[in-house]
Amino acid sequence: MHKDLDTLIITPEEMGRIDRAAAASGLSGYGLMERAGQAVAAAALRRFPGALRFAVLCGPGNNGGDGYVAARALQEAGAAVAVHALGDPGSLKGDAATAFKAFDGTVAPLAAYGPRPGDVVIDALFGAGLSRDLPEEAVRIIEAVRDSVLPVLAVDLPSGIDGRTGAVRGDAFAAAATVTFMCRKPGHLLLPGRTLCGEVEVFDIGIPARILAGHAGHMRVNTPAVWRIALPVETGATHKYVRGHLAVFSGPATATGAARLSASAGLRAGAGLVTVLSPPEALAANAAHLTAVMLKPVGGPDDLAVLLDDERLKTFVLGPGFGDFGKARTYVREIAGRGRRLVLDADGISAFRDEPDALFRLFAGGEPRLVLTPHDGEFARLFPDLAEDAGLSKIERAQKAAARSHAAVILKGADTVIAAPDGRALVNANAPPWLATAGSGDVLAGIAGAHLAQGMPAFEAAASAVWRHGEAGRAAGEGMTAEDLVGALRGFDRTG
Ligand SMILES: NC(=O)C1=CN([C@@H]2O[C@H](COP(=O)(O)OP(=O)(O)OC[C@H]3O[C@@H](n4cnc5c(N)ncnc54)[C@H](OP(=O)(O)O)[C@@H]3O)[C@@H](O)[C@H]2O)[C@@H](O)CC1
Ligand SMILES: [K+]
């Protein structure tokens, strides 16, 4: 597989354009279908050597066409095959009709399929072309297969998953594995689609990379390949100020832990210096727990203004445990007005729930200087219309939010999306489930702050922070705490 295609994500709509461009360039559509179906059959034989029978369920479009090719290949390999069609296969068109005619065996109606122990289901009902909720007939079969606990191998996508959004349309197969072609689609990566796909195999059916690249957007899986070029340069003569000075605002005396977690993550993630800016009454609580991280009292906007006279202090994290919304807004105005860079998290985000546009105006224009790190609830406070629009995928929501706020947006979750104001978007895929633990978000904000402080552009700083956070979660292992997560942060691998 071409290295670039490995991380590219393509929407079903873009895939349609790619198909047409491939055909226009002289590539045989049926040739593509033949390779797709053969790949499915090969995966079925490899993954399920003990199958007593392959039940191939074929739909009314080209996904069904792939199914007929796979059925023929399985039969030629000597496997027992039962083919069931949704609708009249005689009314198939184009390549799917060709594939159906080339299959030499009986085709029974879908409703006649009765799951048997030892069956492996090959789901070729609907793929990229699913355009509405599944028909009742398909839902009944999905229920029957689920009840019989049979393994499912999905062609392109488990039927019922919307390839653009990852949403379930009516119902969907839960596949043990999914074989898709050329590139992953959003539905393979966004929840709940990601879970229902099982293990995803991406098979190269021979569409030239130049055609794919020519019609693809700017969506990728979040991997170091995407942002390695933006990593801070290691000069050898690295001075602590060259590696940046990060300042993290602490909450009141009763809520200082979150800021300290951010700060220690920032230090560990490579910021040269990290200072916790503490309300005077919380100094004692902070001082009792900080060693390598420095501590400065900031009681109000006047103190902050004095601090900002130090030009070396360019980057801030505000939000973890912060508490005071009014003060948060005042500080953010000061930071933005003095041209500094900011990771706005948690309470810092909620502080602008009544006036999100005021926040966006503060950071409008120029090189993006703001990283927003909302989970779904916080996202809805800043972008209520986008949160409510059920037609948008999580990727599209993050893209629109980033464009509106002129910020790098980290829309958190098990399928975190990172988006830039210019339309680039990444879906993160390396986070273990146990990363969702108390304090985990504070750690992420600190890493992002450290990357910003070292001079990385906001989008790359955000994306690499999410990735390192996921890697640290894996290294720390199940049962980890947020402190373990900080301890498990590793340096960047600059090779590859
Ligand atoms: N990309 C590539 O290069 C290659 C792609 N290939 C394969 O092609 C697949 C995409 O094929 P596709 O476009 O024909 O779509 P597919 O998923 O078969 O469904 C469309 C049909 O279903 C119908 N329909 C839709 N929703 C429905 C519903 N809820 N309930 C009922 N009907 C519904 C829809 O009808 P309509 O909406 O027009 O009424 C239409 O008839 C792709 O997933 C991959 O497997 C390979 O062959 C190799 C090359
Ligand atoms: K399918």
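User: If a residue is buried when 20 or more other C-beta atoms lie within 10 Å of its own, exposed at 12 or fewer and partly exposed in between, with C-beta atoms placed from the backbone, is Gly65 buried or exposed?

Analyst: Gly65 is buried, because 32 other C-beta atoms lie within 10 Å. This is a predicted model, in which local features need pLDDT of at least 70 and side-chain atom pairs count only at pLDDT 80 or more, while totals for chains, interfaces and linings use all residues. Residues are numbered from 1 along each chain as its sequence is written, and chains are lettered from A and ligands numbered from 1 in the order in which they are written.

User: Where is the place of Gly65, and what is it in contact with?

Analyst: Gly65 belongs to helix α4, where helices (H or I, at least four residues) and strands (E, at least two) are DSSP runs numbered from the N terminus. Leaving aside neighbours within four places in sequence, Gly65 is in contact with Met33, Asp95, Ala96 and Ala99, a contact being two C-beta atoms, placed from the backbone, within 7 Å. Phe100 is 35 residues from Gly65 in sequence, and their C-alpha atoms are 6.6 Å apart in space.

User: How many residues surround ligand 1?

Analyst: There are 27 residues around ligand 1, and the closest are Gly61, Asn62, Asn63, Gly127 and Gly129; a residue counts as near if its C-beta atom, placed from the backbone, lies within 6 Å of the molecule. Two or more residues of that shell come from each of α2 (12–24), α3 (29–47) and α4 (62–76), and α4 gives the largest share, five residues.

User: How does that shell divide by residue type?

Analyst: The shell around ligand 1 holds 13 nonpolar, nine polar and five charged residues, with Ala, Val, Leu, Ile, Met, Phe, Trp, Tyr, Cys and Pro counted as nonpolar, Asp, Glu, Lys and Arg as charged, and the others, Gly among them, as polar.

User: Which residues does UniProt list for "binding site"?

Analyst: The UniProt record, an unreviewed entry, lists Asn63, Asp123 and Ser159; such positions are given in the numbering used here, feature names are shortened, and annotations may be inferred rather than shown by experiment. These residues span 97 residues in sequence, yet no two of their C-alpha atoms are more than 9.6 Å apart, so they gather at one spot.

User: Where does Asp123 lie, and where is Ser159 found?

Analyst: Asp123 lies in strand β4 (residues 119–124), whereas Ser159 is in the loop between β5 (152–155) and β6 (177–181). Asp123 has 31 other C-beta atoms within 10 Å and is therefore buried, and Ser159, with 29 such neighbours inside 10 Å, also counts as buried. Beyond four places in sequence, the contacts of Asp123 include Ser159, Leu57 and Phe173, while those of Ser159 include Asp123, Leu125 and Ala172.

User: Changing topic, how is the chain divided into domains?

Analyst: The chain has domain 1 (3–217) and domain 2 (224–487), with bounds that come from an automatic or database domain assignment. Their C-alpha centres lie 41 Å apart, and the contact takes 10 residues from domain 1 and nine residues from domain 2. The UniProt record, in an unreviewed entry, places "domain: YjeF N-terminal" on residues 15–213, a stretch that is 40% helix and 17% strand.

User: How many residues of α11 are buried?

Analyst: In α11, 12 of the 12 residues are buried, so this helix is largely enclosed by the rest of the structure. Its cover includes β9 (245–249), β10 (273–278), α12 (283–287), β12 (313–318), α20 (440–453) and α22 (482–487). The end C-alpha atoms of α11 (residues 257–268) are 16 Å apart, which agrees with the 16 Å it should span at 1.5 Å a residue, the expected span being 1.5 Å times one less than the number of residues.

User: And what is phi like at Val149 and His406?

Analyst: Val149 has a positive phi of about 50° although it is not a glycine, and phi of His406 is near 50°, also positive in a residue other than glycine. Val149 counts as exposed because it has 8 C-beta neighbours inside 10 Å, whereas His406 is buried, with 21 other C-beta atoms within 10 Å.

User: Which peptide bond is cis?

Analyst: The bond from Leu191 to Pro192 is cis, with omega near -5°, and Pro192 sits in the loop between α7 (186–189) and α8 (193–197).
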